[in-house]
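Below are some notes for a colleague who has asked for a careful reading of two places in this model. Please keep the sequence and the structure open while going through the points.

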Amino acid sequence: MVVIKMRQVNRKVSFNQIFFLKLLCIILIMFSISTSYLVFNNRSFAYYAPDSNTTKVSVEIGTTNNFYFSFTAALNSIPDDTPATIYLHTDVTRSGPIIIGSKKNITINGKNQFTITRDNYGDGKWYDDTLFDVKAGGKLVLENINIDSNNDWILDKETYTEALKNNENIDLSKIIIPEPGGAIAKNYLVKNSGTLTIINSKIKNFYSEDKGLFSSLGASRTTLINTEISHCATLSGGLV
């Protein structure tokens, strides 16, 4: 018969081992916190793993900056009566109006490089919608941004120069010529019933037969600061 004796071994855990285990626990806790929030320059960023190729916008409210993959989602995330800034991270194309409600206070910042473009509906179509619609009581600031109305037209410079030379009345319909099949704006670029401020921005490529860039309704206020308007024309109001 074979007898096997079991011997209990008591092993003491060294101080170094205890220290290492505690350090490992601290590292794991810190990693868990960092994946929930990133803190940079005293601002907390909700972690959405932003990718420069896909992230369209971020919304800054106070010290919080959240990333979104669509402009509409970012716009809808902003509560009433709360100043907020939408920062573009890519160009944005809109097929419908950007509506600023009566209790909204929103700044859209293009970071001096990005553009909001009104979608081209195709050959021979009209633009029935405005690009921006600020409701009464609403506040919109467009800052460091490019606004492209996406209307293609050309100026008959020869006819225009000849009319000026002969001091003749200028028939705008004869010198402002839409590109064949190009879309024509049937509405204002911006319909403003609230407060609109445009700062350090550029507006281009607007053409309409009877509408202008801005429609100011009621007790509205429109202010342009250091803003460039180019290649914009309306038969009822001239060209820039």
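1. Strand E3, which spans residues 57-61, is mostly covered, since four of its five residues are buried; buried here means under 20% relative accessible area, with exposed set at over 50% and partly exposed in between, using a 1.4 Å probe and protein chains only. Strands are DSSP runs of at least two residues, numbered from the N terminus.

2. This is a predicted model, in which local features need pLDDT of at least 70 and side-chain atom pairs count only at pLDDT 80 or more, while totals for chains, interfaces and linings use all residues. Residues are numbered from 1 along each chain as its sequence is written, and side-chain values use heavy atoms, with hydrogens and water left out.

3. E3 pairs with strand E4 (residues 64-68) in the antiparallel sense over five bridges, where pairing requires that DSSP finds at least two bridges between the strands. The two form a hairpin with two residues between them, and Gly62 in the turn has a positive phi of about 65°.

4. E3 is also joined to strand E5 (residues 84-88), again antiparallel, by four bridges. Ser58 has Phe67 as its bridge partner in E4 and stands opposite Tyr87 in E5.

5. Thr130 lies in the loop between strand E10 (126-127) and strand E11 (132-134), and is buried, with a relative accessible area of 4%. Leaving aside residues up to four places away in sequence, Thr130 touches residues including Arg118, Asn187 and Tyr188, contact meaning heavy atoms within 4.5 Å. A polar atom of the Thr130 side chain lies 3.2 Å from the backbone oxygen of Phe132.

How values were computed. A polar contact is a pair of N or O atoms within 3.5 Å; within protein, one must be able to donate a hydrogen and the other to accept it, and residues adjacent in sequence count only if both atoms are side-chain atoms.
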